[in-house]
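Thanks for coming. I will show one structure and walk through a few parts of it.

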Amino acid sequence: MFSRGFLSLSFCLFRPQIVGLCALWALLSGLMPMMVNSQPRSVSQRNGLKPAPRTQETLPRRAWEKAKARHKGPGPALLITSPRGGETLSRDRVWFGGCTEPGCEVTVNGIAARVHSTGAFAGMTQLHPGRNTIVFRSTFRGQSTTAQVPVAGPSPEIPVPKTPLAIDAERAFLPSVDMEMLPGEILRVRFQGSPGCRAWFGIRKGPSRCGMRELVPGKDPVKIAGVYQGDYVIRPGDSFVRSPITVTLEGTVGKRVKTVSARAKGTLTTSRKVVCGYALATADDTGLYHDLSLQTRLTSVAKGAVLDLCGRRGDLRRVRLGEDLFAWVRSQDVKKTSEDAALPLPLFQKIEMQKDPATSNPVLLLRASRPGKKRPPLSLPFRVETPESGSTLTLTVWGLGSKEALRTLEKSGRKSGGALYATDLLLPNEPSERAPLASHGISRVRYRQMDALTAVFEVPLPWDLVWGYDARFEDGVLRLSLKPPPVLRSEPGRPLAGLKLILDPGHGGEDTGAEGCGGLFESDINLEIVRRLSVLLRRAGAQVEMTREDDRQVSLEDRIQRISRSGADLFLSVHNNSVPSYENPLEISGPRAFFYHGHGVVLAKRVLGGLAEETGFPWQSTNVRFHVFRPMRCCPQMPGALAEVLFLSNPEDEILLLQPAFLDNACEGLYKGLLAFVKRQPLPLIPAGTATGGGGGKMTNDE
Ligand SMILES: [Zn+2]
């Protein structure tokens, strides 16, 4: 469905977790039915560049050098970079890539593959269900080298035969995990059995015969006959504690009616005492997700945040945020308190302003209080949203009520303007000892109590853009620091004088990132690009810091610390891409860029526009909020973006990355993009309509 509607991915980031990534890729693709395709073009079509002779390659292709050094035997050396072997793949096609001596003939499972000037080759090969062995052979003047890579194809879907009447107790049987549910939620029961029968399910100490229907292949999302499904809506009076769920299948064998039964692995609990309670997040950056597959992050909470629990699905806990808004959190990320009773609702008190003593930036302090004593410290789940353009920042705090809102509701029973209660909170505009902030011009915060549990604060900032923020609960007070846009110095020929940037070359050391078909390590090329880019930026007067300056491993946590504490005005992560296992590497090439926060959207667009302009690749829209790369998510203090320069899975892209002239063009593009962002200018060659706001930048993922 989305093999051509391609936008952007970043498999390079997560080689150790390829399986999880496929799911991410599927999600991103599913969200974006869109976009410009990158048409693979020959090297000579792009910029008129020709593959450089080997001696002029910028960097050693380390994986290939190693493979050559290790190689013994009369045939040519042969390196296989994809698949790695041992994977279980979800689709019936997988991409392959590797390298041999230039001029050799390569076959993959007997089918010839094109060998590029570097010796790299890539393509797609077919898999059958179960075990597969992919056989690579490279031949030069009658001498061959063979490599065999074992992978597992998609598991076959095996229907249950019509006779004897049977239920498959293992496969596709729901619920497969223990469920804790509240009234109104829907319990879905599903199993696979002999087709063409009648089926129902029962819950112990509850309904004994809930009807199920057989799903229709082609019409329902199933491939084979014999899948039965039914739902039960939890009722207010239900009280189950780990009740087993039993399904029954009834069919006619000869002239006799027969039944078989089986019990689902998961049980049902609906008792309030078991289902509800409170938990504390056990780590910083604990994810709260919209969906059970944990693909779409709604927000993150800090260690110690108090979460209102109201359900469970196996290893996931359900968290109540607003009156009608729920999220999922991993059980391992929270510690349930012994208290089952509801905690008193914290009430909003007031907003104050301070000046950050270190940076002089304005800080908003949101004060609230929880009635009663001996309660967990006040740290609530919240989310800050920043706009792509404009200067109003929105803070949503969940689990926060208000005296005024309750009073309004009691008095009139009316809601005000879509909210329970709304008002403008005026901040002091005269400098004083407590609020010496008049120069920043933040004079008012719009406060709306959306429902009993959801408080929303809109902060109009006195700048042309929201540049960055930092928000955290400290001693029960939510501190929101706001960063004004940088002020550049006017120096002839140095357009970035006064700007401080932090550049983050992806991977390094043991973590080599994606591997080019020709054996180029992503960590090497990322660093080379950042080095060249830093020269351009410094020449333009910018102060440049890097998260690593050589080939060393830097953890994501260290990168986050480094970036967030750098005091920089901008950050850019530089990576190179690789396709997921089921995409054709020859069809996908060119630059991509990503953002997470709203105030990084335009930066990502400008960087991508600059790359496209200077390298001659088609301009790609970038509109996926990319929540997996933690440094981008966890560093909202400044606009940040991640650029994926080219695809290492594409041999032609890799050849370009090996050429100094191409790298200079790419760095010029990144530089122009950064400059355009800082100067608030579009790039001249970006087609109208994609350069600003408009279609190209719409965020469809509203997490
Ligand atoms: Zn990467």
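Where is the place of Val 363? Val 363 sits in strand S24, residues 362-369. Before going on, two notes on the source. Residues are numbered from 1 along each chain as its sequence is written. This is a predicted model, in which local features need pLDDT of at least 70 and side-chain atom pairs count only at pLDDT 80 or more, while totals for chains, interfaces and linings use all residues.

Back to Val 363. Val 363 is partly exposed, with 19 other C-beta atoms within 10 Å. On that scale, a residue is buried if 20 or more other C-beta atoms lie within 10 Å of its own, exposed if 12 or fewer, and partly exposed in between, with C-beta atoms placed from the backbone. Setting aside neighbours within four places in sequence, Val 363 is in contact with Met 353, Gln 354, Lys 355, Asp 356, Arg 479, Leu 480 and Ser 481. Contact here needs C-beta atoms, placed from the backbone, within 7 Å. Val 363 and Glu 352 are eleven residues apart in sequence, and their C-alpha atoms are 8.3 Å apart.

Now the whole protein. There are ten helices and 36 strands; these are DSSP runs numbered from the N terminus, helices being H or I with at least four residues and strands E with at least two. Of the 703 residues, 43% count as buried. Among contacts between residues at least 6 apart in sequence, 70% join residues at least 24 apart.

Next, helix H5, residues 522-539. H5 has 18 residues and reaches 26 Å from first C-alpha to last, close to the 26 Å expected at 1.5 Å a residue. The expected span is 1.5 Å times one less than the number of residues. Buried residues of H5 include Ile 525, Leu 527, Ile 529, Val 530, Leu 533 and Leu 537. After H5 comes Gly 541, whose phi is positive, near 100°.

How do the axes of H5 and H10 cross? The axes of H5 and H10, residues 660-678, come within 9 Å and cross at roughly 55°. H5 and H10 are therefore oblique to each other. The crossing is right-handed. Residues that meet there include Ile 529 and Leu 533 in H5, and Leu 663 and Leu 670 in H10. The residues of this contact divide into nine nonpolar, no polar and three charged. Ala, Val, Leu, Ile, Met, Phe, Trp, Tyr, Cys and Pro count as nonpolar, Asp, Glu, Lys and Arg as charged, and the others, Gly among them, as polar.

H10 also packs with H7, at an angle of about 145° and with the axes 7 Å apart. By class, the contact of H7 with H10 has nine nonpolar, six polar and five charged residues. Among those that meet are Gly 609 and Gly 610 in H7, and Gly 669 and Gly 673 in H10.

Is H7 enclosed or open? 15 of the 15 residues of H7 are buried, so H7 is largely enclosed by the rest of the structure. Just after H7, Gly 616 takes a positive phi of about 80°. Gly 616 lies in the loop between H7 and helix H8, and is partly exposed, with 17 other C-beta atoms within 10 Å. Gly 616 and Ala 666 are 50 residues apart in sequence and 9.7 Å apart in space, C-alpha to C-alpha.

That is where I will stop.

Notes. Axes fitted to C-alpha atoms, helices over the stretch in contact; angles between N-to-C directions. Parallel < 35°, antiparallel > 145°, perpendicular 65-115°, else oblique. Left-handed = near helix turned anticlockwise from the far one by under 90°. Contact = placed C-beta atoms within 7 Å.
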